[in-house]
Amino acid sequence: MNRTDRLCTICARKGSKGLPNKNIRSLLGKPLITHTIEQALKTELFESICVSSDSEEILSIAESSGANFCILRDDHLASDTSGKMDAIVDAVQKAERHFSKTFRICVDLDVTAPLRLPQDIKKAVEIVETKGRSSVFSGTQARHSPYFNMVKLLEDGSVAIFQELQQKILRRQDSPKVFDMNASIYCWQRDRLIQEKKLFFSDTRLLVMPRMRSIDIDDALDFVLVEHILKNDLHMDGESYEALA
C-alpha cells in the first residue's frame, strides 16, 4: 500500500490533572509530543501526520516537529468528559477534506506512550494491511490476573477473586492469559473506524509489546520511569508480535 493511503493522527489535549502540561513537558530535551511525531516520521509509512489539540502552543510545537496538518479541536471534543474516539474521527474527516482524499488506513498514536519504537508501529500496520483486520491495538502481558491475584471489594467489605473459574487456579501461570492495553498504538481500516467509531470488532487483533515499551505516562512517577528507560536505552530489546490463541 502506498504511504499516501495512510493517515497518522495524534491527539493531544492541553488539560491533564495527573501531570499538568504533560504533552509538552520536556523529556530528554524534547517536548513529549515531539517523540511521537518523530517516531511516526521514522516509520516512513505516512505522508500525512495530523495533530489535533485544543492548545495553540501544542499545535505550534507539533508543526515545528514535523506534523504537516494541525487542527484546533472544537471545544465539545476537548472536555474532560469527551471521548477520544470522536476526536480521532473528527481529525480523520478534517484531514481528508484538507488533503482532498480518502485514506484507507488510520493509525492513532498516543502522546503519553513515547517508549514505542517505529517497528512497533510498522508491525501493527502490517497486521491490518496483510491480514485484512478491521483493527489492531497494542498491549502488554498483564502482571496481575483477574483469575488469580486481582480482587474485588464486595458490599459487606469482604474481598473475593475478581473472576473465578470452575477449576481452581493454584499458580498465575496456569490462569488464562490476560493483557493490559498500553495506550500506544491503534490501527484501523478507515471505513470501519468512520462508520462504527469503535475499536473492537470480531476480527480485531492484539499487538503484544514488551513491558519496557508499555508505560503510559499518567503521573510524575510514570514520567520518571520513562525518562530513566529512555536515557539508558532499556526499551530497545524485544520484538512486538500478534497475539494468537
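Leu199 counts as buried, at 9% relative accessibility (buried means under 20% relative accessible area, exposed over 50% and partly exposed in between, with a 1.4 Å probe and protein chains only). This leucine sits in the loop between α5 (190-196) and β11 (205-208); helices (H or I, at least four residues) and strands (E, at least two) are DSSP runs, numbered from the N terminus. Setting aside neighbours within four places in sequence, Leu199 touches Met85, Ser135, Phe137, Met181, Tyr186, Trp188 and Thr204, where contact means heavy atoms within 4.5 Å.

A quick word on the model: it is a predicted one, so local features need pLDDT of at least 70 and side-chain atom pairs count only at pLDDT 80 or more, while totals for chains, interfaces and linings use all residues. Residues are numbered from 1 along each chain as its sequence is written, and side-chain values use heavy atoms, with hydrogens and water left out.

Now for the chain as a whole. It has 6 helices and 12 strands, and its C-alpha atoms fill a box of roughly 55 × 40 × 40 Å, taken along the principal axes. The radius of gyration is 19 Å, which agrees with the value near 18 Å that a compact globule of 245 residues would have (the radius is taken over C-alpha atoms, and the globule rule is 2.2 Å times the number of residues to the power 0.38). Of the 245 residues, 49% count as buried. Among contacts with a separation of 6 or more, 73% join residues 24 or more positions apart. The chain exposes about 12,800 Å², and carbon and sulfur atoms supply 47% of that area; accessible areas come from the Shrake-Rupley method with a 1.4 Å probe, and for residues only the protein chains shown count as cover.

Next come the pockets. On a 1 Å grid over the protein atoms alone, a pocket is an open set of points with protein on both sides within 12 Å along at least five of seven lines, whereas a cavity is a set where a 1.4 Å probe fits but cannot get out; lining residues have an atom within 4 Å of a point. Grid points are joined across faces, edges and corners, and a volume is the space filled by probe spheres set on the points. The largest pocket holds about 480 Å³. Its lining is made up of 22 residues, with Cys11, Arg13, Gly15, Lys84 and Asp110 nearest the centre. By class, that lining has 5 nonpolar, 8 polar and 9 charged residues (Ala, Val, Leu, Ile, Met, Phe, Trp, Tyr, Cys and Pro count as nonpolar, Asp, Glu, Lys and Arg as charged, and the others, Gly among them, as polar).

The second largest pocket has about 270 Å³. It is lined by 14 residues, and Thr140, Arg143, Asp180, Arg211 and Ser214 lie nearest its centre. Two or more lining residues come from each of β7 (135-141) and β10 (179-189), with β10 giving the most, 3 residues. This lining splits into 5 nonpolar, 5 polar and 4 charged residues.

Lastly, a look at the backbone. Most residues other than glycine have a negative phi. Asn21 has a positive phi of about 55°; this residue is in the loop between β1 (6-11) and β2 (26-27) and is partly exposed, at 48% relative accessible area. Ser100 also has a positive phi, near 55°, and belongs to the loop between α3 (84-99) and β6 (105-109). At 65% relative accessibility, Ser100 counts as exposed.
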